[in-house]
Amino acid sequence: MLVLLHILKFKFISFIKTTFDFRFVTIVRGLGSLLVFGGFSIVAYFLSYEITKFVLEQSRTGLFLYHRFISMLLFVFFMSVNMGNIIVSYSTLYKSSEVNYLFTKPVSFTGIFVLKFLDNFLYSSTTLFLVAFMVLLGYGTYFGYPWYTFLGVLVFVLVPFMFLSACLAVLVLMSLMKIASRWGFRRVMMGLAGMYFALVFFFFKFSNPIKLVTQVNKYYPNVDNYFSQFDPGFVKYLPNNWVADFLFFMARGEVKFALPYAAILILVTLAMFVICMLVAYRFYYRSWLVTFEFQAQSNSLQAGRRMKMFDFRKESILPPQMESLLKKEYFQFFREPSQWIHLGLMTVLVGVFVLSVRNLNLGLRVTNVQTLTYLVLYAFGGFLTCSLALRFVFPFISLEGKALWSQISAPLDLKKAYFTKFIIGLSLILALAVIVAISSNVPFVRLSQRRPLLLWFGIFSAFWTSLTLVTLNLGFGGYFANYQEKNPIRVASSQGATLTFLFSLVYLIVLVSIIILPLLQYFNSLFIFSQFDPRVLVIPGTIFGVVSAALTAFAGVVGLRSLQRDF
Amino acid sequence: MIELRNVTKKFGNFTAVDGISLTVQKGEFFGFLGPNGAGKTTTIKMMTGLFTPTQGEIIINGYDIAKNPIEAKMTVAYVPDQPFLYDKLTGREFMYFVGGLFKMDKKKLKLKIDELVEHFEIGDWVDKRTEDYSQGMRQRTTIAAALVHEPLSIIIDEPMIGLDPRSAKIVRETLRKKAQEGVSVFMSTHSLPIAEELCTRIGIIHNGKLAFVGTQEHLELHKQQYDGKFESVFLELTK
C-alpha cells in the first residue's frame with residue numbers, strides 16, 4: 001500500500017508539473033482549451049435542459065418514457081465505456097513500458113494492476129465525466145435539483161456507473177487473455193465482437209421501444225406514472241436501468257424510492273472491484289506473460305517470409321512513393337491489435353445501428369415528432385463520424401512516432417504523405433458515414449412515399465461532414481502530434497484530441513441547427529400534401545458549405561504546416 | 001559535396017548552432033566531434049531537412065536543402081543517432097519502404113536489399129518485425145536502409161552506438177569504402193579513436209561554433225602542442 005502511495009505521489013508530481021507549466025505557448029493553449037471546454041459545457045447544459053423541456057412539455061412524452069429513453073442511452077454509454085476500456089486496458093495493462101518497469105521492482109502484481117486500472121479509468125473518462133455532468137446539470141436544473149443533489153448524483157451514481165463498466169471491462173479482458181492463450185487471439189476477439197453485437201442487438205430487440213411507447217400511451221395523459229410492468233424482465237438487472245429509475249424517482253421527488261437504486265449500484269460496483277482485484281491477484285501476471293506468446297506467434301519468421309496481400313515485394317501499378325506509404329499504413333494498422341479490434345467493434349456498432357434503423361416504423365405523421373426523430377438520427381450519424389474520425393484519424397500523424405525521420409529526410413514531398421493519410425482516413429470514414437446516412441434515411445423515404453430528397457441530402461451531408469471532420473482531425477492531430485506516444489487510444493484521448501472532438505461537436509451542432517427550419521418545412525409540406533419549396537435550402541446550404549469549406553481549408557493548412565515544423 | 005554557409009539555428013533565445021561554414025568534398029570522410037549539447041545533431045538535422053536553419057544555406061550535391069529539398073535529399077543517405085524504425089514492419093519491409101520513397105525500381109531494390117542484408121549480417125532477423133530488434137540490429141537495419149539508393153553523400157550521426165565489435169567493424173569498413181568510391185561522408189561521433197582512424201578531415205564544434213577544422217596533418221600539429229594525444233586537444237578546445 002505504501003509503495004502504491006509512493007508511486008502515486010510521483011505520478012501526481014509529474015501531473016502537476018505538466019499541468020502548471022507557465023510558458024506562453026502553454027498558457028495560450030490552456031486558455032484555448034478552457035474556451036472550448038467552457039463553450040462545450042454551456043452548450044451541453046442548454047441542450048440537455050431544452051431537450052428535457054421539449055420532451056416533457058411539447059411532445060408530452062411523460063416521465064416514464066423519457067427515463068426509459070435515458071436508460072437506453074445509458075446502455076449505449078455503458079457499452080461504449082466498457083468497450084473503450086477493454087481496448088485501452090489492453091494497452092495500459094499489457095503493453096505499457098511502465099508496467100514492464102514496475103514488474104522488475106518489488107511492487108505487488110495487484111498493486112500494479114490497481115495503479116494502471118485507475119490511471120486508465122481517469123485518463124480515458126475525464127471528458128466523459130465532464131459531458132455527463134453538464135448533461136446532468138441541464139437535466140437537474142429543469143427539475144429544480146438543489147446544488148448538493150448534483151454532487152451527490154455525480155459521486156454516488158454517475159461515477160459508480162462508469163466505474164462498474166470499467167471493472168467489467170478489465171474482467172472481460174483478463175478472461176480473454178486467459179482464453180486467448182488456448183484459442184488464439186484473433187479468434188477470441190472475433191468472438192467478443194460477435195458477443196457485443198448480439199448484446200446490443202438483443203437489448204433493443206427485447207426492450208422494443210415502439211411497443212413500450214404504444215403500451216404507455218394507452219394511459220395518456222397519466223404518462224408520468226411508473227409503468228415497470230411493461231419492462232421486459234431482464235432490464236431490472238441492468239445498471240443503466242438502476243440509474244434511469246433513480247433519476248425517475250428523483251424527478252418525482254420520491255427520494256426514498258430513488259435511494260435503493262443508488263445503493264444497489266454502489267454495492268454492485270464495489271463487489272465488482274473486489275472481484276477484479278481477486279482475479280488480478282491470481283491472473284494478472286500470468287495473463288501479462290501471455291502477451292509475449294502472442295507477440296512471438298504474430299512475429300514468427302515464417303509469417304514474416306510469407307508473401308502477403310499488399311506485400312512490399314509485389315509489383316504495383318501505383319507510383320513507388322504512394323505505394324510505399326499506403327503499404328506502410330496498411331501493415332501498421334492491421335498489425336496493431338488495438339487498431340483493428342477497435343475498428344471491428346465500431347463497425348459492429350454501425351452494423352447494429354443499420355439493422356435497427358432500417359426497419360424503423362416512424363408511425364405518427366406529425367411534423368414536430370418526425371423533425372425531432374430525423375434530427376436525432378442525423379445527430380447520431382454526425383456523432384459517429386466525429387468519434388470515428390477522432391479515434392482513427394486524429395492519431396494518424398502521432399503514430400508515425402520517431403520513425404517519421406525516415407520520411408522527412410527522404411526525397412518526399414510531405415504534402416504527398418499528408419494526402420495519403422487524408423485519402424485513407426476519408427475512405428474509411430466516408431464509407432461508414434454514407435452507410436449510416438443511407439440506412440437512417442430509408443425509413444423517411446418510406447414515410448414520404450419514396451421521395452428521395454432526404455436521402456440525397458443525407459448522402460450530401462455525409463460527404464461534407466466526413467470531409468470536414470477528417471481534415472479537422474488530421475490537421476489538428478498534426479498540430480497536437482505526440483511522437484512519443486505509441487498507443488493510439490491514448491493519443492485519441494489526449495487534451496488536443498478532446499479539444500478537436502469538442503470543436504467537431506460544435507461544428508455538428510451548427511449543422512443540426514441550420515437544418516431544423518428546412519426540415520420542419522419539409523415534413524409540414526409532406527403531411528399537408530403541399531409542394532416543398534426547395535429555395536428554403538439555399539441559405540442553410542450556403543452556410544453548410546461555407547462553414548465546412550472554411551474549416552476544411554483551415555485544418556488542412558494547420559496540418560500541412562505541422563509537418564513542416566522542426567522534427 | 002556538402003557545403004554549409006554561415007548556418008545558424010536558434011531555439012527561442014538559445015543559439016544551438018552559431019554561423020557554421022564548412023565544406024565536405026567528394027570522396028572526403030569528415031568527422032564531426034564535440035561534447036554533449038555542442039550542436040552536432042542540430043547541425044546534422046538541418047543538413048537533412050529535419051530542422052530549418054534560422055540563417056544560412058546548406059548545399060547538398062549542388063542543391064540548396066531549403067530551396068530544392070527533394071533534389072538534395074535524393075542524393076543523400078541519413079542515419080540518425082537513434083535508430084527509430086516502424087515497429088510493425090519487418091526490417092526487409094522497412095528497406096522496401098525507404099527504397100520506394102527514393103523511387104527505386106523494384107527489381108534493383110530487391111537485389112540491393114539482399115546484398116545489404118548479407119553485407120551487414122542481418123540474417124533471418126530481416127523478416128521479423130523490428131519491435132523485437134536489439135539496438136544493434138536496429139542500427140544495422142537503419143544503415144542498410146540508408147544505403148539502398150546508392151547515395152552521393154552520407155550523413156551519419158553516432159553510427160557505432162549499440163553495435164557489437166563485429167558490426168562496428170563492418171560499418172567502419174563500409175563507410176571508408178564509400179568514401180574511397182567518391183561518396184562524401186559526414187560523420188558525427190563521440191569516439192576520438194574512430195575519428196582519428198577513419199576521417200580525412202575533422203571538425204570540432206563547441207557551444208554551437210566550430211572550434212577546429214582541419215586535416216589529420218593539422219591535427220598532428222595541434223597534438224604536438226599538448227602531449228601528442230587527440231584527447232588533450234579535444235579537451236582543451238572544448239573547455
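At what angle do the axes of helix H12 (residues 320–334) of chain A and H3(B) cross, and within what distance do they come? They cross at roughly 150° and come within 7 Å. The legends below describe a predicted model, in which local features need pLDDT of at least 70, side-chain atom pairs count only at pLDDT 80 or more, and totals for chains, interfaces and linings use all residues. Residues are numbered from 1 along each chain as its sequence is written, while chains are lettered from A and ligands numbered from 1 in the order in which they are written.

**View 1. Helix H12 of chain A against helix H3 of chain B.** Helices (H or I, at least four residues) and strands (E, at least two) are DSSP runs, numbered from the N terminus. Axes are lines fitted to C-alpha atoms, for helices over the stretch in contact, and angles run from 0 to 180 degrees between N-to-C directions. The axes cross at roughly 150°. That makes H12(A) roughly antiparallel to H3(B); angles under 35 degrees count as roughly parallel, over 145 as roughly antiparallel, 65 to 115 as roughly perpendicular and the rest as oblique. The crossing is left-handed, the term for a near helix turned anticlockwise from the far one by less than a right angle, with right-handed for clockwise. H12(A) contributes Pro320(A), Gln321(A), Glu323(A), Ser324(A), Lys328(A) and Phe331(A) to the contact, and H3(B) contributes Glu93(B), Phe97(B), Gly100(B) and Leu101(B). Two residues are in contact if their C-beta atoms, placed from the backbone, lie within 7 Å. The classes in this contact are four nonpolar, three polar and three charged residues; Ala, Val, Leu, Ile, Met, Phe, Trp, Tyr, Cys and Pro count as nonpolar, Asp, Glu, Lys and Arg as charged, and the others, Gly among them, as polar.

**View 2. The interface of chain B with chain A.** Contacts link 33 residues of chain B with 30 residues of chain A. On the chain B side, helix H2 (69–74), helix H3 (91–101) and helix H4 (106–119) each supply at least two residues. H3(B) has the largest share, six residues. The side of chain B that touches chain A consists of 16 nonpolar, six polar and 11 charged residues.

**View 3. The two domains of chain A.** Domain 1 covers 41–292 and domain 2 covers 318–567, with bounds from an automatic or database domain assignment. Their C-alpha centres lie 26 Å apart. In the contact, 19 residues of domain 1 of chain A meet 20 residues of domain 2 of chain A. Helix H2 (24–58), helix H3 (63–94), helix H5 (109–143) and helix H7 (185–207) of chain A each supply at least two residues on the domain 1 side. H7(A) gives the most, with seven residues. That side has 14 nonpolar, five polar and no charged residues.

**View 4. Helices H14 and H17 of chain A.** The axes of H14 (residues 367–393) and H17 (residues 453–479) come within 9 Å and cross at roughly 30°. H14(A) is therefore roughly parallel to H17(A). Their crossing is right-handed. Residues of H14(A) in the contact include Gly381(A), Gly382(A), Thr385(A) and Cys386(A), and those of H17(A) include Ala462(A), Thr465(A), Ser466(A) and Leu469(A). The contact divides into eight nonpolar, seven polar and no charged residues.

View 5. Strand S9 (residues 201–206) of chain B and S10(B) run antiparallel and are joined by six bridges. Gly203(B) stands opposite Val213(B) in S10(B).

**View 6. The four-stranded sheet of chain B.** The strands form an open sheet in the order S2-S1-S4-S5 with antiparallel pairing. Strand S2 (14–24) and strand S5 (63–64) are the edge strands, each pairing on one side only. Two bridges join strand S4 (residues 55–60) of chain B to S5(B). Ile59(B) has Asp64(B) in S5(B) as its bridge partner.

Conventions. Pairing = 2+ DSSP bridges.
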